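Visitor: I would like to learn how to read the features of a model like this one. Please take me through it step by step.

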Amino acid sequence: MDSFTDIFSKPELTKQDILQMLLSDGENRSKLFAKASEVKEKYVGNVVYFRGLIEFSNICSKNCFYCGIRKGNRKVKRYNLPDEQIIEAARFAFESNYGSVVLQGGEIEGEAFTTRIENLLRKIKEVSGGKLGITLSVGEQSPEVYRRWYEAGAHRYLLRIESSNRDLYYRIHPGDETHRFERRLQALYDLREAGYQVGTGVMIGLPFQTSEHLAEDLLFMKKLDIDMCGMGPYIEHADTPLWQYRGQLLPLDERFDLALKMIAILRILMKDINIASATALQAIDPIGREKALKIGANIIMPNITPGQYRNDYKLYENKPCTDEEASDCKNCLEARIHMSGNKIGFDEWGDSKHFSKRIE
Ligand code: SAM
Ligand code: SF4
């Protein structure tokens with residue numbers, strides 16, 4: 001076994017090195033976090049960029065076994081934000097000097113949906129004088145659809161692979177035509193081809209997931225040469241099929257710690273990418289996202305979905321801020337980010353430095 005000082009000086013990390021870091025505790029765990037923090041400061045700086053998150057609809061055609069808004073959950077009150085309210089939320093982000101917004105929702109395919117998103121993208125660009133950056137996160141679509149949305153103004157796309165291990169993927173998704181691992185993987189290549197900054201990620205602490213899976217997930221992201229990552233702890237939801245395995249899960253504090261380690265290791269592995277501090281971290285620890293910003297993450301996605309809809313976008317239990325209005329979140333967030341030793345990159349897109357270098 002190598003010492004952490006030896007591991008940190010290697011040009012390439014092996015799966016064994018990553019496993020050693022994932023399983024670290026005590027002094028080694030502190031060394032890992034200190035190193036990740038140093039790498040962050042050196043390569044992307046202590047600046048945090050905001051992406052105002054608009055969860056515009058919880059209507060979804062898919063049935064992922066972990067997700068509270070899956071199609072098969074009849075207990076969810078479905079909503080679809082009117083276009084005016086989406087634009088209003090984007091205007092709020094713009095006026096609050098957030099550099100970007102994320103439009104996220106259930107996965108729907110078809111011309112009506114494609115055109116709607118296309119029009120929304122154009123309108124958001126229009127109301128912000130072209131200044132707001134736009135990230136999309138609406139699942140698997142055809143290469144043509146990805147191209148159309150790129151041309152309409154989206155320039156980043158988040159599509160988590162959820163798990164890069166094919167067997168595990170099929171344990172957390174139905175094995176039917178609408179949930180194919182190969183298609184999800186291909187979608188990541190299609191997004192790159194269309195010109196996006198591509199983000200992916202995984203859930204951490206899933207039933208059946210091992211440390212080896214997580215180490216392989218990190219190497220997968222490195223191999224794919226992603227520009228951005230959003231990953232966070234898996235949190236069980238009572239109205240989903242995976243709820244039955246809740247007795248096999250790591251305790252929440254251990255899942256949280258594992259998620260922090262994943263973020264720290266990824267920062268060391270891919271020094272100049274953008275790493276989001278996932279909302280699910282906050283569901284476990286009220287200052288969970290700020291802890292992630294200290295040890296490697298540099299993006300935060302304040303929820304700016306109008307308060308009345310937040311309760312209905314419950315992917316998991318105990319989702320934070322579901323009863324707050326966007327402005328409440330803004331004030332508490334700013335103070336907490338300063339406390340985490342970071343500055344806020346107001347009015348900036350905060351694009352992935354990794355992406356800029358790759359296309360140079
Ligand atoms: N429908 C799109 C998709 O799946 O890519 C975007 C919205 S989906 C709700 C966004 C992310 O939520 C998923 O990629 C998944 O990782 C995460 N998610 C869903 N259920 C979760 C849970 N129970 N715990 C943690 N994250 C969850
Ligand atoms: Fe739908 Fe995304 Fe939830 Fe899967 S994770 S059920 S695609 S919203």
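Visitor: Where is the place of Glu 162?

Guide: This is a predicted model, and that applies to everything below. Glu 162 belongs to the loop that runs between β4 and α7 (166-171).

Visitor: What is phi of Glu 162?

Guide: The general idea comes before the case. Most residues other than glycine have a negative phi. In Glu 162, phi is near 70°, a positive value in a residue other than glycine. Asp 225 is another case, with a positive phi near 60°. Asp 225 is placed in the loop between α9 and β7.

Visitor: Is Glu 162 buried or exposed?

Guide: Glu 162 counts as buried because its relative accessibility is 8%, and buried means under 20%. Asp 225 has a relative accessible area of 24%, so it is partly exposed.

Visitor: How is empty space inside a model found?

Guide: A probe the size of a water molecule is rolled over the atoms, and this shows where empty space is left.

Visitor: How many cavities of 30 Å³ or more are there?

Guide: The count comes to three cavities of 30 Å³ or more.

Visitor: Which residues lie nearest the centre of the largest cavity?

Guide: Gln 104, Arg 160, Glu 162, Tyr 313 and Leu 315 lie nearest the centre, out of 42 residues that line the largest cavity. By class, that lining divides into 21 nonpolar, 13 polar and eight charged residues. Elements that each supply at least two residues of the lining include β1 (47-57), β2 (100-105) and α11 (279-284).

Visitor: Where does ligand 2 sit?

Guide: Ligand 2 sits in the largest cavity. The residues around ligand 2 are Cys 60, Lys 62, Cys 64, Tyr 66, Cys 67, Ile 69, Arg 70 and Gly 106. This shell has five nonpolar, one polar and two charged residues.

Visitor: Which element gives the largest share of the lining of the second largest cavity?

Guide: That is β8, with three residues. Strands β4 (156-158) and β7 also supply at least two residues each. Among the residues that line the second largest cavity are Arg 51, Thr 135, Arg 156, Leu 158 and Met 301. Its lining has eight nonpolar, two polar and two charged residues.

Visitor: How much space lies in the largest pocket?

Guide: The largest pocket holds about 230 Å³ of space. It is lined by 15 residues, and the closest to its centre are Gly 205, Gln 209, Ser 211, Leu 250 and Leu 258. Helices α9 (211-224) and α10 (252-269) each supply at least two residues of this lining. The lining of the largest pocket has nine nonpolar residues, five polar and one charged.

Visitor: Which residues does Gly 68 contact, leaving aside its neighbours within four places in sequence?

Guide: Such a list shows what a residue meets from elsewhere along the chain. Gly 68 is in contact with Asn 73, Val 76, His 237, Thr 240, Lys 314 and Leu 315. Gly 68 and Lys 314 are 246 residues apart in sequence, yet their C-alpha atoms are 5.8 Å apart in space. Gly 68 is in the loop between β1 and α4 (83-95). With a relative accessible area of 0%, Gly 68 is buried.

Visitor: Which strand holds Leu 136?

Guide: Leu 136 is in strand β3 (residues 133-137). Its relative accessibility is 0%, so Leu 136 counts as buried. Beyond residues up to four places away in sequence, Leu 136 touches Leu 103, Ile 117, Leu 121, Trp 149, Ala 154, Arg 156, Tyr 157 and Leu 158.

Visitor: Which helix holds Gln 20?

Guide: Gln 20 lies in helix α2 (residues 15-22). Gln 20 is buried because its relative accessible area is 12%, and the limit for buried is under 20%. Apart from neighbours within four places in sequence, its contacts are Met 1, Asp 2, Phe 4 and Ile 7.

How values were computed. Residues are numbered from 1 along each chain as its sequence is written. Chains are lettered from A and ligands numbered from 1 in the order in which they are written. This is a predicted model: local features need pLDDT of at least 70, side-chain atom pairs count only at pLDDT 80 or more; totals for chains, interfaces and linings use all residues. Side-chain values use heavy atoms; hydrogens and water are left out. A residue is near a molecule or strand if one of its heavy atoms lies within 4 Å of it. On a 1 Å grid over the protein atoms alone, a cavity is a set of points where a 1.4 Å probe fits but cannot get out, and a pocket is an open set with protein on both sides within 12 Å along at least five of seven lines; lining residues have an atom within 4 Å of a point. A molecule sits in a cavity or pocket if more than half of its atoms lie within 2 Å of its grid points. Ala, Val, Leu, Ile, Met, Phe, Trp, Tyr, Cys and Pro count as nonpolar, Asp, Glu, Lys and Arg as charged, and the others, Gly among them, as polar. Grid points are joined across faces, edges and corners, and a volume is the space filled by probe spheres set on the points. Helices (H or I, at least four residues) and strands (E, at least two) are DSSP runs, numbered from the N terminus. Buried means under 20% relative accessible area, exposed over 50%, partly exposed in between (1.4 Å probe, protein chains only). Contact means heavy atoms within 4.5 Å.
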